[in-house]
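Let's take a walk through this protein model. Have a look at the sequence and the 3D view first, then read on.

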Amino acid sequence: MNAIISAKELAGELAGEQPPVLLDIRWEMGATSRRPDYDAGHIPGAVYLDLETELTGPKGTGRGCRHPLPDPEAFGAAMRRAGVRADRGVVVYDGGLGWGAARVWWLLSWTGHPSVRVLDGGLPAWTAQGGAVTAEVPVVPEGDFVPEPGARPLLIDADGAAALARRGVLLDARAGERYRGEVEPLDPVAGHIPGARSAPTTENVTADGLFRPAGELAERFAALGAVPDAEVGVYCGSGVSGAHEALALAVAGVPAVLYAGSWSEWTADPSRPVATGPQPG
């Protein structure tokens with residue numbers, strides 16, 4: 001199944017006999033809860049989930065990571081409250097950036113859900129094609145999804161990322177200036193994991209927030225060495241935009257693992273090496 005779905009395709013599925021579960025994951029880095037935006041208008045039937053409180057573990061559990069993975073039991077409870085079932089497809093959307101939705105796509109995929117997709121372009125794409133929004137908060141039946149962390153081998157740790165950078169392809173999804181070490185607005189050290197290659201996830205989408213065509217993405221990643229038969233991994237600052245890069249790779253047909261702790265966890269340990277400049281190092 002495709003990792004993304006267009007607004008037109010979603011409208012057709014919502015009108016069908018077995019519509020997907022809809023999750024609204026609007027989120028912005030450093031911003032307060034987007035629940036008021038959801039309450040003002042969302043795709044009919046969508047349930048809101050807060051990335052910071054329901055899709056992220058306590059900050060002290062992540063070895064320095066700013067967005068540690070959620071506790072599996074807490075994550076499963078949140079998914080079931082939102083109506084997520086193991087036998088029913090899930091579509092996730094956000095405000096258009098795609099990072100929040102990709103986080104849930106990755107979490108559900110990693111923990112074993114068989115059918116989860118991201119709405120390409122998010123809510124703006126939905127309204128642009130005439131999709132309705134509502135302020136009505138749906139009452140959904142309890143779901144039955146029980147997450148199994150590692151059900152799909154999509155996660156690596158810091159040691160795994162260091163090794164992968166040497167034997168395969170490790171992509172850094174952050175902005176180029178952060179990769180090069182010119183600026184670092186969030187974490188204690190600037191630079192990148194030695195051997196990693198710069199691949200800002202913002203370059204995977206067009207100006208309207210839609211993913212570039214699969215063939216175009218495949219060409220971009222191939223130029224970086226990320227091809228279907230290569231061993232590919234991704235990281236970012238705290239594991240959120242890295243999930244978006246993993247989603248772009250999936251669209252391009254390139255399987256990838258995520259170093260979820262990412263740069264914030266990497267730099268929390270002063271013994272780990274750091275490279276700077278435009279080259280992998």
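Predicted model: local features only at pLDDT ≥ 70, side-chain atom pairs only at ≥ 80, totals over all residues.

With a relative accessible area of 3%, Cys65 is buried. Cys236 is buried too, at 1% relative accessibility.

A disulfide needs two cysteine sulfur atoms within 2.5 Å, and the count of disulfides here is zero.

## The sheet

Now for the strands. Five of them make an open sheet with parallel pairing, in the order β1-β5-β4-β2-β3. β1 (4-5) and β3 (47-48) are at the edges with a single partner strand each, so one side of each has no neighbour in the sheet.

Strands of a sheet are held in pairs through backbone hydrogen bonds, and the pairing can be parallel or antiparallel. Take β2 (residues 21-24) and β4 (residues 90-93): they pair in the parallel sense over four bridges. Look for Leu22, whose bridge partner in β4 is Val91. Helix α5 packs on the sheet and touches β2, β4 and β5 (116-119), with its direction at about 175° to that of β5.

## A glycine in the helix

Gly100 is part of helix α5, which covers residues 99-110. Is Gly100 buried or exposed? It counts as buried, because its relative accessibility is 1%.

Which residues does Gly100 contact, leaving aside neighbours within four places in sequence? They are Ile25, Trp27, Leu51, Asp94 and Val240. As for Ser33, it is 67 residues from Gly100 in sequence, and their C-alpha atoms are 12 Å apart in space.

Methods: Residues numbered from 1 in each chain as written. Heavy atoms only, no water. Helix = DSSP H or I, 4+ residues; strand = E, 2+ residues; numbered from the N terminus. Buried < 20%, exposed > 50% of the residue type's maximum accessible area, 1.4 Å probe, protein only. Contact = heavy atoms within 4.5 Å. Pairing = 2+ DSSP bridges. Axes fitted to C-alpha atoms, helices over the stretch in contact; angles between N-to-C directions.
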